[in-house]
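This report goes through one protein structure, from its overall layout to single residues. Please look at the sequence and the model before reading on.

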Amino acid sequence: MKYSKIIIVVTLFLFQLGAAQEKADIVLNTAFKEAKADNKNVLLVFHASWCKWCKMMEKNMNLPEAKPIFDKRFVTAYVDVQERGEKKSLENPGGQELMNKYKGENAGLPFWLVLNPKGEVLADSFDDKAQNLGSPATPEEVNAFIAKLGKSSKLSKEESQTIEKVFVTK
């Protein structure tokens, strides 16, 4: 009987650890600390498990030819928002409020920002028509994405070309 109570308590504790996502402000503050220490900016990406375009963006950023560019220039932080049903537990508490703070409440996903370590917005995913670029795919969207990244991180010509090759949908 004594052991079964211990097993139940340990199981509940482990379930809580597995189910609870880190608060969005903790994710962001951790990224700010790392960015400050490494003299980088933060690429903050709001996404969801059901979002096809979010998965595409993450996949493109993590391709072997692109990942070193993003890792060299940015501390990338992901915040889960807008989950549904049984996946609601995947959300980072406070994530939607953080997205709203940056005017992303009606933007769609993925929604991203480049922030300096002080939290100042250097670039966001809105194009010049106030539409969310999300995961850029067309040549025009990718060029806007590269321009925003370059403005906040001084991408080289080669890095820009690599990002263009990776992101433009063929």
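**Overall layout**

The model is predicted. It contains seven helices and four strands. In sequence order these elements follow the pattern α-α-β-α-α-β-α-β-β-α-α. Of the 170 residues in the protein, 42% are buried. The accessible surface amounts to about 10100 Å², and carbon and sulfur atoms account for 57% of that area. Taking contacts between residues at least 6 apart in sequence, 64% link residues that are at least 24 apart.

**Helix α7**

Helix α7 spans residues 157–167, and its buried residues are E159, S160, T162, I163, V166 and F167. Viewed down the axis of α7, these buried residues fall within an arc of 160°, so they line one face of the helix.

What covers the buried residues of α7? The cover includes α3 (52–61), α4 (67–73) and α6 (139–153). On the face of α7 turned away from the buried side are the exposed residues K157, E158 and K165.

**Residue H47 in strand β1**

Strand β1 runs over residues 41–47, and H47 lies in it. Is H47 buried or exposed? Its relative accessibility is 11%, and because the limit for a buried residue is under 20%, H47 counts as buried. Leaving aside residues up to four places away in sequence, H47 touches C54, E58, Y78, V79, D80, V81 and L109.

**Salt bridges**

How many salt bridges are there? The count comes to five.

| Lys residue | Partner | N to O distance |
|---|---|---|
| K67 | D71 | 3.1 Å |
| K72 | E159 | 3.5 Å |
| K88 | E91 | 3.0 Å |

The pair of D71 and K67 lies within one helix. These residues are four places apart in helix α4, so about one helical turn separates them. D71 is partly exposed, with a relative accessibility of 36%. K67 is also partly exposed, at 34%.

The side chains of E159 and K72 form a salt bridge as well. E159 belongs to helix α7 and K72 to helix α4, so this pair ties together parts that are 87 residues apart in sequence. Are the two partners buried or exposed? E159 is buried, at 9% relative accessibility, whereas K72 is exposed, with a relative accessible area of 52%. Salt bridges that share partners also join K72, R73 and E159 into one network.

K88 counts as partly exposed, with a relative accessibility of 47%.

**Putting the parts together**

E159 itself is one of the buried residues of α7. Helix α4 also holds the pair of D71 and K67.

Key:
Residues are numbered from 1 along each chain as its sequence is written. This is a predicted model: local features need pLDDT of at least 70, side-chain atom pairs count only at pLDDT 80 or more; totals for chains, interfaces and linings use all residues. Side-chain values use heavy atoms; hydrogens and water are left out. Helices (H or I, at least four residues) and strands (E, at least two) are DSSP runs, numbered from the N terminus. Buried means under 20% relative accessible area, exposed over 50%, partly exposed in between (1.4 Å probe, protein chains only). Contact means heavy atoms within 4.5 Å. Accessible areas come from the Shrake-Rupley method with a 1.4 Å probe; for residues, only the protein chains shown count as cover. The arc is that of the directions from the helix axis to the C-beta atoms. A salt bridge is a side-chain nitrogen of Lys or Arg within 4 Å of a carboxyl oxygen of Asp or Glu.
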